[in-house]
Amino acid sequence: MAELIIDDARLKPIAERALAGERLGFDDGIALYRSPDLLAVGWLANYVREKRHGNVCYYNINRHINPTNVCVAHCRLCAFGRDLDAPGAYTYALEEVWQRAAQGVAEGATEFHIVGGLHPDLTFDHYLELIRGLKQRFPHVHLKAFTMVEVHYFSRIAKLSIRDTLLKMKEAGVDSLPGGGAEIFNPRVRKIICDHKTSGQMWLDIARTAHQVGLRSNATMLYGHVETEEERVEHLLLLRELQDETKGFVAFIPLEFHPDNTALAHLPKPTGFDALKNIAVPRLLLDNFDHIKAYWIMLTTRIAQIALRFGADDIDGTVIEEKIYHDAGATTEQFTPRAELERLIRAAGREPVERDTLYGPVGRSGLQSAPSGAEGEAAAKRSSSGPSGTIVTLNV
Ligand code: V47
């Protein structure tokens, strides 16, 4: 019998509803964020996580490819984007993209994660050629390519509707979309951290259209800069509302803000407490999202590992050559080999399962397949540390 001891009396009614599987609301989200009782919040999130996924923790073998860092958006939150003629600006020729992809395949990648800057001169056709070239050379690799912000930009430069832009991307070989560019949807925050970028409403509209044309996507939230708790909860509930409508989101990834080398470098860095809260609270509010990722690149592998007991069921992938966070001062490695990801997962008492981008099984010898649907539920029930019963004790 598992026991939850709550130090913060305000959490008790929320705990009871979370344990009963009831949907939590705006005020609950605020109370969870404001509560200093991190262990109780994390315990609840872990309960929900184990109910869905048992002891399994997912990871994938992927390769990030950032075709250009030239960007016209000039977001204050970003250390990656450069002007065309600025020192450090780069744009890969298509051959270079394909070479990097071939290296990823040699290392076993099942996914290419492709995002880049909004380049003033590259055409939409160039990006379509990049995708076609990848699909032709590596037909078995899932192409998770271009954020809603890039889709918006492509639609403007190609003078196409969002729907037609997405359809052309799909036809060229894009399989799904990553979750970046969401930041915080609230316009007050966007004005400070990414003025001129696709609005929050537009991001959601593009995600809806992507899901409608059969392209699933991830969703993110960038926390730890100028946003309030209310703005975080609002962001999460907007995602939940859209997920109710489309069921198109695959995973949610909380992204911790890294201020170094950005125009917001004066802001204090988010803390470990923030990191775990921003895994746990989304797990509790996003009751219609299957997966919460602890993105080790920005959390560090140490915090990402702990997050596997605070609501996360996925530690992302091997990554290989991450640029966006490393330009913003991330001190993590750019690559974590499969054996090390598995070691971290096992050391947290979880069972590593390699997945593909959409959480399907990856058939490699010696590796388990990712359980899904009824199979996943059965795995959760079998799990030794799955939630077995609960006593809620108020310790005040
Ligand atoms: O959109 C940019 C963020 C995102 C900074 O879908 C920054 O599986 C912190 O979206 N500090 C890109 N964050 C990363 C991303 C992502 C990562 C992992 C997995 C998936 C997925 C998506 O990174 C950007 C922006 O929100 N970002 N600059 C910075 N200085």
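## Strand pairing

Asn-60 faces Gly-317 of β10 across the pairing. This model is predicted. Strand β2 covers residues 56–60 and runs parallel to β10, with 2 bridges joining them.

The pair belongs to an open sheet of 3 strands, ordered β10-β2-β11, with parallel pairing. Its edge strands are β10 (314–317) and β11 (351–354), and each of these pairs on one side only. Neighbouring strands of the sheet are turned against each other by 25° on average, direction ignored.

## Helix α14 on the sheet

Helix α14 spans residues 338–347 and packs on this sheet. The helix touches β2, β10 and β11. Its direction makes about 145° with that of β11.

Which residues of α14 are buried? They are Leu-341, Leu-344 and Ile-345. Seen down the axis of α14, these buried residues fall within an arc of 100°, so they line one face of the helix. The cover over them includes strands β2, β10 and β11, along with helix α12 (296–307). On the face turned away from the buried side, α14 carries the exposed residues Ala-339, Arg-346 and Ala-347.

After α14 comes Gly-349. The phi of Gly-349 is positive, near 80°.

## Helices α11 and α12

Helix α12, part of the cover over the buried residues of α14, also packs with α11 (residues 272–285). Two packed helices are described by the angle between their axes and the distance between the axes. For α11 and α12 the angle is about 45°, and the axes lie 10 Å apart. That angle makes α11 oblique to α12. The crossing of α11 past α12 is right-handed.

Which residues meet where α11 packs with α12? From α11 come Gly-272, Ala-275, Leu-276 and Ile-279. They meet Leu-299, Ile-303, Ile-306 and Ala-307 of α12.

Thr-331 sits in the loop between α13 (324–327) and α14. Is Thr-331 buried or exposed? Thr-331 is exposed, because 9 other C-beta atoms lie within 10 Å, and a residue counts as exposed at 12 or fewer.

Thr-331 and Lys-277 are 54 residues apart along the chain. Their C-alpha atoms are separated by 21 Å.

How values were computed
Residues are numbered from 1 along each chain as its sequence is written. This is a predicted model: local features need pLDDT of at least 70, side-chain atom pairs count only at pLDDT 80 or more; totals for chains, interfaces and linings use all residues. Two strands pair if DSSP finds at least two bridges between them. Helices (H or I, at least four residues) and strands (E, at least two) are DSSP runs, numbered from the N terminus. Axes are lines fitted to C-alpha atoms, for helices over the stretch in contact, and angles run from 0 to 180 degrees between N-to-C directions. Two residues are in contact if their C-beta atoms, placed from the backbone, lie within 7 Å. A residue is buried if 20 or more other C-beta atoms lie within 10 Å of its own, exposed if 12 or fewer, and partly exposed in between; C-beta atoms are placed from the backbone. The arc is that of the directions from the helix axis to the C-beta atoms. Angles under 35 degrees count as roughly parallel, over 145 as roughly antiparallel, 65 to 115 as roughly perpendicular and the rest as oblique. A crossing is left-handed if the near helix is turned anticlockwise from the far one by less than a right angle, and right-handed if clockwise.
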